[in-house]
Amino acid sequence: MKKFKPWARLACLLAALLLTLEPIPAHAAKLPALKVKGTQLVNAKNKPVRLKGVSTHGLSWYPEYVNQKAFTYMKKNWNINAVRLAMYTAEYNGYCTGDAANRKALEQRIDKGVKYATKAGLYVIIDWHILSDGNPKAYEKEAVAFFKKMAKKYRKHTNVLYEICNEPNGGTTWADVKPYAKKVVKAIRSKDKDAVILIGSPTWSQDVDLAAQDPIKDYKNLMYTLHFYAGTHGEYLRQKAQAALDMGLPLFVSEFGISDSSGNGALNKEEGARWMEFLKKNKISAIGWSLCNKEESSALIKPSVKKTSGWKKKDLTPWGNWLVKQFR
């Protein structure tokens with residue numbers, strides 16, 4: 001048997017080790033890192049960037065839509081440039097209410113989602129989807145640990161954004177949200193100095209004007225989320241949003257629809273058109289809810305359709321077709 005010199009053995013071991021490490025796909029390099037300047041999301045040349053995409057439904061409910069074919073198809077055929085991974089914290093198999101095996105499964109789904117989005121050339125939002133828990137402080141320790149872990153894992157991915165509290169509600173105030181947000185932002189910044197972080201506001205991410213009166217300081221690349229459903233939210237909410245912009249608050253619409261706020265009911269396309277004009281005028285990014293075939297108005301895919309990619313016009317709900325038309 002041929003003998004290897006010690007240095008040759010070491011070289012072989014190092015080569016084998018490198019082969020086991022999964023590199024960031026080449027597509028990742030094509031997506032420039034984003035930053036916040038004034039009220040705008042911008043690229044390295046300080047030119048405004050609008051992310052337009054879709055949100056998954058809860059990763060525990062509809063994990064099948066997180067797949068490479070779906071993400072690549074939506075990028076090519078729907079003209080989206082972003083996808084949001086909605087991980088519920090307290091609902092069915094929530095990250096903070098399920099067991100360790102459930103948490104591991106959710107983290108694996110997020111990891112697949114990031115990889116699929118990266119390969120498809122999409123930006124991807126990791127969403128800490130609080131809802132029934134209302135106050136983000138309910139699982140503050142878990143949030144800090146989760147986002148520190150995610151930021152360490154994806155710090156080299158220039159296409160990853162972090163949404164740290166979906167929709168504070170149930171009487172939660174900005175005085176509750178702000179200290180929570182500061183702790184989570186600090187945790188992310190300990191691992192990733194530059195990633196864009198999205199911060200929710202009270203009343204299901206509608207009170208952006210209150211956040212604008214007392215924003216978080218000492219950190220860069222922070223934006224504040226505004227959510228709307230055109231069947232419920234109209235001019236009064238646009239006025240609140242405009243007030244926040246006038247005070248210099250960067251806004252990001254990380255969830256919207258044109259049904260009522262329950263996600264059901266009739267579609268209000270006229271009010272939806274007014275919202276689209278407002279977003280375009282102010283160069284605000286927007287993510288539509290949601291990529292699933294749930295039997296509700298805000299689902300993009302018809303309940304009868306079982307396909308998880310390659311959808312045609314006939315496969316989409318009225319909302320799905322309306323949204324795709326906006327993106328195109």
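This is a predicted model: local features need pLDDT of at least 70, side-chain atom pairs count only at pLDDT 80 or more; totals for chains, interfaces and linings use all residues.
**View 1. Strand β4 and its two neighbours.** Here β4 covers residues 82–88; helices (H or I, at least four residues) and strands (E, at least two) are DSSP runs, numbered from the N terminus. Strand β3 (residues 52–56) pairs with β4 in the parallel sense over three bridges, where pairing asks for at least two DSSP bridges between the strands. Strand β5 (residues 123–129) also pairs with β4 in the parallel sense, over seven bridges. On that side, look for Met-87 opposite Trp-128 of β5.

**View 2. Two crossovers that share β4.** One right-handed β-α-β unit is made by β3, helix α2 (residues 68–78) and β4. Another right-handed unit consists of β4, helix α3 (residues 100–120) and β5. Right-handed means that, with the strands pointing away from the viewer, the path from the first strand over the helix to the second runs clockwise.

View 3. Seven of the seven residues of β4 are buried, so the strand is largely enclosed by the rest of the structure. Buried means under 20% relative accessible area, exposed over 50%, and partly exposed in between (1.4 Å probe, protein chains only). Ala-82, Arg-84, Ala-86 and Tyr-88 lie on one side, with Val-83, Leu-85 and Met-87 on the other.

**View 4. The side chain of Arg-84.** Arg-84 is at 0% relative accessibility. Its side chain makes a polar contact with the side chain of Glu-255 at 3.0 Å. A polar atom of the Arg-84 side chain also lies 3.3 Å from the backbone oxygen of Ser-254. A polar contact is a pair of N or O atoms within 3.5 Å; within protein, one must be able to donate a hydrogen and the other to accept it, and residues adjacent in sequence count only if both atoms are side-chain atoms.

**View 5. Helix α9 and its buried face.** Helix α9 (residues 269–281) has 13 residues and reaches 18 Å from its first C-alpha to its last, close to the 18 Å expected at 1.5 Å a residue, a span taken as 1.5 Å times one less than the number of residues. Glu-271, Gly-272, Trp-275, Met-276, Phe-278 and Leu-279 are buried in α9. Down the helix axis these buried residues fall within an arc of 160°, so they line one face; the arc is that of the directions from the axis to the C-beta atoms. Glu-270, Lys-280 and Lys-281 are exposed on the face turned away from the buried side.

**View 6. Backbone details to inspect.** The peptide bond from Trp-289 to Ser-290 is cis, with omega near -5°, and Ser-290 belongs to strand β10. Just after α9, Lys-283 takes a positive phi of about 55°.

Notes
Residues are numbered from 1 along each chain as its sequence is written. Side-chain values use heavy atoms; hydrogens and water are left out.
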